[in-house]
Amino acid sequence: MSIDHYAVIGNPISHSKSPDIHQYFAKQTGQSLSYKTILAEKNDFKKMVDDFFMNQQGKGLNVTVPFKEDAWNLVDKKTQRAELAGAVNTIIPQRDGRLLGDNTDGIGLLNDLMKNYHLQIKQKNILLLGAGGAARGIIKPLLDAEPALLIIANRTVSKAHQLARIFESFGRLNACGFDELEHQSFDIIINATASSLNKQIPAIPASTITNETVAYDLMYSKINTPFNQWCLDNGAKQVFDGLGMLVEQAAEAFYLWRNVRPETHDVIEKLLQQSA
Ligand code: ATR
């Protein structure tokens, strides 16, 4: 019996947890599928994608760093959430051979916050740090959850203002630089900057944190990310990293491809055990 083929494409890609996650989902839902990694170079991304769908009969592709914007440009059509995110992380081939691009990162974050950690977004004050691709992908889903206010703060202030203009019709949001956050505190602070990659933290004032503040770093690591550790050191109530978001965005992609929604709790537990 032939099985359906899926893959994740990126660079680097060997560290990706997606093959394991999708195999857990497949086993749990009683399906057989293959899921591999594809390493692409910047100038052969399109060739690799075409080859996967046309020659290998691929049934679905996840796209990760640094190709989410390339995927956005490559697909034939996009969902509204992918259109707004400016990035595509899931490709679904259509019956007519055209490629549909979606973005499941934002819904992945929201599911992790609300379903796994039972955090309420509605009527809360949210601070989003960063104005790159990662931040852009989560703004619309965050606004859909109706926070009292969403502030986008970025090291380069103009980029925060640019994002605020794109999303201003979807909810209450403001943009500012890090130093303008003095004397404001937040219920939830989300770090969508790439600072943790360099073991740095965004230079926000500690006054943004109270003993009720929950921090969420989109990055994940075995030990607390530098940002999460800094939040704890400054009195935050709880900190979470992006492992749950990774599993939740995968679950949403699996659902789009297979029309079955996998359970995520056990998969998150398994990954936590693996990295312990
Ligand atoms: P990604 O796709 O991960 O979002 P990106 O589009 O390159 O990557 O965006 C990186 C984000 O991290 C930006 O918001 C960047 O701030 P600038 O716009 O000012 O460059 C932010 N960032 C990276 N390193 C940072 C640091 N050390 N402190 C604060 N912000 C940082």
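How many of the 16 residues of helix 9 are buried? In this predicted model, the count is 14 of the 16, so helix 9 is largely enclosed by the rest of the structure.

Just after helix 9, Asn 259 adopts a positive phi of about 60°.

Around the ligand are 15 residues, of which Asn 154, Thr 156, Lys 159, Ala 194 and Gln 200 come nearest. By class, this shell consists of five nonpolar, eight polar and two charged residues. A backbone N or O atom of Gly 133 lies 3.1 Å from a ligand oxygen atom, and a polar side-chain atom of Arg 155 lies 2.9 Å from an oxygen atom of the ligand. A polar backbone atom of Ala 194 is likewise 2.9 Å from a ligand oxygen atom. Taken alone, the ligand exposes 640 Å², and the protein buries 73% of that area.

Ser 196 is located in the loop between strand 10 (188-191) and strand 11 (214-217). With a relative accessible area of 9%, Ser 196 is buried, because the cut-off for that class is under 20%. Leaving aside neighbours within four places in sequence, Ser 196 is in contact with Asn 191, Asp 217, Met 219, Thr 225, Pro 226 and Phe 227.

Terms used
Residues are numbered from 1 along each chain as its sequence is written. This is a predicted model: local features need pLDDT of at least 70, side-chain atom pairs count only at pLDDT 80 or more; totals for chains, interfaces and linings use all residues. Side-chain values use heavy atoms; hydrogens and water are left out. Buried means under 20% relative accessible area, exposed over 50%, partly exposed in between (1.4 Å probe, protein chains only). Helices (H or I, at least four residues) and strands (E, at least two) are DSSP runs, numbered from the N terminus. A residue is near a molecule or strand if one of its heavy atoms lies within 4 Å of it. A polar contact is a pair of N or O atoms within 3.5 Å; within protein, one must be able to donate a hydrogen and the other to accept it, and residues adjacent in sequence count only if both atoms are side-chain atoms. Accessible areas come from the Shrake-Rupley method with a 1.4 Å probe; for residues, only the protein chains shown count as cover. Ala, Val, Leu, Ile, Met, Phe, Trp, Tyr, Cys and Pro count as nonpolar, Asp, Glu, Lys and Arg as charged, and the others, Gly among them, as polar. Contact means heavy atoms within 4.5 Å.
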